[in-house]
Amino acid sequence: MDINDIIKPENRIYKRPSLLTDSHMHYCPGCSHGVVHKLIAEIIEEMGMEESAIGVAPVGCAVFAYNYIDVDFVEAAHGRAPALATAIKRLQPDKLVFTYQGDGDLAAIGTGETIHAANRGENIAIIFINNAIYGMTGGQMAPTTLLGMKTATTPYGRRADLNGYPLAISNLVAQLDGSCYVTRQSVQSPAAVRKAKAAIRKAFENSMAGKGTSMVEIVSTCNSGWKLTPEQSNKWMEEHMFAKYPLGDLKNV
Amino acid sequence: MAKIRGAVTIEEERCKGCNLCVAACPAHVLSLQPKEVNNRGYHFAFMSSPEKCIGCSSCALVCPDACIEVYRIREE
Amino acid sequence: MEEVRLMKGNEALAHAAIRYSADGYFGYPITPQSEVLETLEAEMPWDTTGMVVLQAESEIAAINMVYAGAACGKAVFTSSSSPGISLMQEGLSYIAASELPALIINVMRGGPGLGTIHPSQADYFQACKGGGHGDYHMIVLAPSSVQEMCDFVGLGWDLAFKYRTPAMILADGIVGQMMEKVVLPEQRPRRTEEEIRRQCPWAVTGKKGRKQNVGTSLELDDDKMEQNNLRFQRTYREIEKNEIRCECTNTLDCDYLLVAFGSIARICEKVMEMAAEEGLKLGIVRPITLWPFPYAQIAEAAKGVKGILTVELDAGQMIEDVKLAVNCNIEVKHYGRMGGNVPTPDEVLNALKELFINEKK
């Protein structure tokens, strides 16, 4: 059978989500951000919430998330996305409100907003990309950087005595009475992508059901920052990141 | 016995040649263009062994740039 | 229905906001303005008008909630006092740069630093010259009575929405804490989502029936960012043309001119009376909008006067704008108290005489 007999509209089983814009993403080749953007676009489409979804973009690599995911967005100041999402959801409770944040945004400068939004049980979904490094500014240490990991500001490796310890902020959020669902996922393999998608969908559904704050941490790669190929990054992540940030649900009520 | 046949299309100009689809493919269908590059200078992915494709979508799932679409038929 | 009540300026802010159909308040307690949040919580407007009231975890979170609420096209506001307003400067810059309407209330206390909880006007520079980063302005309204605290809530939102820019009520701690009679406006209905979609086509409401809306101040294309800045400046020129407000008293025939804003302008009224008894003719200009500043009005009022005294609760901030107003052609001097102290009318009159009359003898 000729390949052109297979490539026909009626045989298509996987397509680019229509909620992704035509813009080429500015992310580096192999970056996990693209996969997660794709999942968010797919889920909003599948939930039929294109017209009522409002995203909050962070400062960091995903600062232009609104150029790729074609729903209404507000661009937050660094770290403040959960505060913005709080106001948007309270003022428009019928909307699907989510933040999209990296580890520097969410777990360093925005720790206060993260903890307090979750503690108030705001009916928002927080999508948290943890690649243990500041990607946008050129690979500096993040709060989640592993001990011994080399970054631009820990050129000889992160030392606990100088830099403190990697912060597992999802574990903190899971302890708060206001959070309903906290999970840690990844997107390096087809199976992982499917699980991550189910988790984000659940977070979105929770927010519409008014169950409280959901947080989906995606343990991710930053191959430019890590100075590895995308494949090597996936392997490195599995070998090193998962030990400190083990995958699975931390809370599901 | 019915046989599953698959095929993918890759939006060449969107592809950044990250190779993650190549690595994710269980049937060794995909490769990066060894010499040819797209307008942005990336060696984009293509079906080097199209006959082996089983339409499992693994490549499309891990593609960060959503440039792969997947087709599948059941051959009786 | 309108209602006449006796209350503090801070309480009037809260009641006025509900009646002027506020959609949301986000704030953090700080003396001397905590009554705003306290009054709102006690009034429970979420049960009556549907207004959202939230005590945020910090001023930083509060102003960013206001930023987001404004991006949604909602009538939102926050209140704080000087140190808290300092924390909000980044957010104010974002609101201005995203061209969003919002109301910010600063009931000033003495600084710098943690300073004191007592009244001050020392945030004039911060409010009028752009406390945050970048080339931006806010409309700054300076109430001198509890009634104006009430009225400027409505005026502030009207102007903020008209020009898509943040507006600030810059009150001093005296106006916030003193009790006076106030006529509260009748309850206005809050706008429906459909009305917001119509009136604010830029608002982030979910992209029903239209293309994506994004509330953002980010633009990495230099030429586009310059165009954004030029557009902001055009708006500011338009505001300067249309929205200057000030009150002139006895300025047609006076020997000396007092320029003062907020509660201090009322002290100056007493100074004027006392001076008149001594045969000394004083006029008063009270800027109501501190930005845009009434340069032309002051220049007009200053024609023929022997000198101008600015009276401020600071080390001399507004005096710079008054000097600009008269191009330094007339002697402008400053009398101020700091640290939470408020001058008596005697003190101001004596200062005027010392600075302008006795010195010349």
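How many salt bridges does the rule find across the interface of domain 1 of chain C and domain 2 of chain C? There are 3 of them, a salt bridge being a side-chain nitrogen of Lys or Arg within 4 Å of a carboxyl oxygen of Asp or Glu. This is a predicted model, in which local features need pLDDT of at least 70, side-chain atom pairs count only at pLDDT 80 or more, and totals for chains, interfaces and linings use all residues. Residues are numbered from 1 along each chain as its sequence is written, chains are lettered from A and ligands numbered from 1 in the order written, and side-chain values use heavy atoms, with hydrogens and water left out.

Chain C splits into domain 1 (3–202 + 230–241) and domain 2 (246–360), with bounds taken from an automatic or database domain assignment. Their C-alpha centres are 28 Å apart. Domain 1 puts 32 residues into the contact and domain 2 puts in 26 (heavy atoms within 4.5 Å). About 2300 Å² gets buried between the two, 58% of it on carbon and sulfur atoms; that is the accessible area (1.4 Å probe) lost on putting both parts together, summed over both.

Elsewhere, an open sheet of 3 strands runs in the order S1(A)-S4(B)-S1(B) with antiparallel pairing. Strands here are DSSP E runs of at least two residues, numbered from the N terminus, and two of them pair if DSSP finds at least two bridges between them. S1 (12–14) of chain A and S1 (3–10) of chain B sit at the edges. S1(B) is joined to S4 (residues 68–75) of chain B by 8 bridges, and B:Lys3 has B:Glu75 as its bridge partner in S4(B).

Technical notes:
Helix = DSSP H or I, 4+ residues; strand = E, 2+ residues; numbered from the N terminus.
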